[in-house]
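Here is a short report on one protein chain. Have a look at the model before reading on.

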Amino acid sequence: MKHLKFLFALGGILFLSCQTVSARGLKIPFGDREVLTKVADLPDTEEYQTDDGNYIDLATFHQEFNIAYLLPLYIEKEPRLVGYCEKEDTYYELTEEQLATILKENNLDGEKLNKIGFYSRYGGKAVGLLIIALIIWGCIPGKKKK
């Protein structure tokens, strides 16, 4: 019981010491999001140069449904490898022949590169279920001590 009072007191002090922030009009974004993740750095040669003089690298491109850009709930479109120019923040569709040539010239394994991270695939679901479980657990009334 003493530990619980101490934690509440500590939480109250931390809460009161924080600067106040207005949450009016705060919108949490959710929905479809296209995600580009750079997976391989290609050499800066003329072959991989864009018209603007920048160079492309390889990236995975997939579409996911997420909440607040932090909680990916599920993958809507599986990943595929694309050309990606970080300076221009654009991606380029590659044909199968172009991709096969790039992978062969740079000794890269397309299957290993074309993966989504664990958190994007499963972690968002686990965190979402944990939040829902905590909300449900908080709504269940506890036993009263006599």
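## Burial and surface

A residue counts as buried when its relative accessible area is under 20%. The model is predicted. By that cut-off, 26% of the 146 residues in the protein chain are buried.

The protein chain exposes about 11900 Å². Carbon and sulfur atoms supply 60% of that area.

## Overall layout

The protein chain holds four helices and four strands. Read from the N terminus, the order is α-β-β-β-β-α-α-α.

Take the contacts between residues at least 6 apart in sequence. Of these, 59% join residues at least 24 apart.

Strand S2 covers residues 57–67, and strand S3 covers residues 71–85. The two run antiparallel and are joined by ten bridges. Phe-61 stands opposite Arg-80 of S3.

Three residues separate S2 from S3 in this hairpin. In the turn, Ala-68 has a positive phi of about 60°.

Gly-83 has Tyr-92 in S4 as its bridge partner.

Here four residues lie between the strands. Asp-89 takes a positive phi near 55° in this hairpin.

## Strand pairing in brief

Note on methods
Residues numbered from 1 in each chain as written. Predicted model: local features only at pLDDT ≥ 70, side-chain atom pairs only at ≥ 80, totals over all residues. Heavy atoms only, no water. Buried < 20%, exposed > 50% of the residue type's maximum accessible area, 1.4 Å probe, protein only. Contact = heavy atoms within 4.5 Å. Areas by Shrake-Rupley, 256 points an atom, 1.4 Å probe, with all protein chains shown as cover. Pairing = 2+ DSSP bridges.
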